[in-house]
Amino acid sequence: MKFATYVYDGDVSCGVVDDGRVHPLDESMQSLLSGGLSRALDIGAAARARPSIDLTAVTLLAPLQPSTMRDFVAFEEHVEGVRRSVDGVQGVAEAWYEAPRFYFTNPYTVSGHGAVIAPPAACTALDFELEVAAVIGTSGSNVEMHQAHSHIFGYTILNDWSARDIQRREMQVGLGPAKGKDFANTLGPWIVTADEIHDHRDAEGFLHITCTVDVNGQRIGQDSLANMGWTFDALVAYASRDSWVHPGDVLGSGTVGNGGCLAELWGRRGEQTPPPLQAGDVVTMTVEGIGTLINTVGRSRATAEIPAARVVDHAGVRQEHVRV
């Protein structure tokens, strides 16, 4: 079942998408998530018997406002290519193989299908990142692997937009990405419930689902979720280790390989081919069993200047470094 958040006649609502139509619900997405998958399926089934709206008459929003967003790096091919592009280093760090690494990204800059994405003003190397995200529906702490899949309400597409030039500079400090990442994340077009997606699970729990990304109608990348280094079950279990996952949390798979982002290709080719995204470019991501997420690149907004750090010794301020 597909659950969407949308605007119709000026009102924001949640509904079930079925056969090109939206069946409105009386509950918010957060209420559905908190109530559990079984209850949501019952509510959705009842809504299908009521009047509906043509899908083309609504504006889709991000299907949920995430409580938290953990973004993993679960595809080895992606890690190898991007590491070469961003850090100039060959191969994959041994630490990657030990556990499914992630960073927390920004839940406050999430947009949905059809949104225009404004890159940072200083960005000259804008990139997309094709991912699938699991949406948590049941709370848990130190979740066991064999129970982890039951904590997933459903799945959606995630575009983890990246300003590669900014990311490259700030990660030299030894921390994870900051302003190179948190200006935009796109989720959508809706959440597909786990019962449908888990039909694609193999005996080990990997999802055999094809993911593609096009820019201006040209195919850039294609991969399968079956090529993840870890299952989504492992991502849930690791995220909850010594911590919690709660309804509305989002766990990104990390970017798929084989052209799931431009930086991977830049690293392999030694040049920025295809070129960085520009204003007007249309990025189309399609994931089997979920749908298609389309966004357009917009123009940057003016931002206030931030002073560079002052350098201080025992005698006081010595100098000021170049502003950024």
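In this predicted model, ring pairs join Phe-72, Phe-102, Phe-104 and Tyr-238 into a cluster. Across the whole structure, 7 aromatic pairs are found. One of them is formed by Phe-3 and Phe-153. The ring centres of Phe-3 and Phe-153 lie 6.0 Å apart, with 45° between the planes, and the pair is tilted. Phe-3 belongs to strand β1 and Phe-153 to strand β12 (residues 152-159), so this pair ties together parts that are 150 residues apart in sequence. Both Phe-3 and Phe-153 are buried.

Trp-96 and Trp-230 also pair. Their ring centres are 4.9 Å apart and their planes stand at 65°; the pair is therefore edge-to-face. Trp-96 sits in the loop between α3 (76-86) and β7 (102-105). Trp-230 sits in the loop between β16 and α7 (232-239). Trp-96 and Trp-230 are both buried.

Strand β1 (residues 2-8) also holds Thr-5. With a relative accessible area of 11%, Thr-5 is below the 20% cut-off and is therefore buried. A polar atom of the Thr-5 side chain lies 2.7 Å from the backbone oxygen of Pro-63. Beyond four places in sequence, Thr-5 touches residues including Val-12, Cys-14, Met-29, Leu-61 and Pro-63.

An open sheet is built from 5 strands in the order β9-β19-β18-β15-β16, with mixed pairing. Its edge strands, β9 (116-117) and β16 (218-224), each pair on one side only. Within the sheet, β18 (residues 282-287) and β19 (residues 291-297) are antiparallel and share 6 bridges. Val-283 stands opposite Asn-295 in β19.

Technical notes: Residues numbered from 1 in each chain as written. Predicted model: local features only at pLDDT ≥ 70, side-chain atom pairs only at ≥ 80, totals over all residues. Heavy atoms only, no water. Helix = DSSP H or I, 4+ residues; strand = E, 2+ residues; numbered from the N terminus. Buried < 20%, exposed > 50% of the residue type's maximum accessible area, 1.4 Å probe, protein only. Polar contact = N/O pair within 3.5 Å; in protein donor to acceptor, adjacent residues only side chain to side chain. Contact = heavy atoms within 4.5 Å. Pairing = 2+ DSSP bridges. Phe/Tyr/Trp six-rings, centres within 6.5 Å; stacked < 30°, edge-to-face > 60°.
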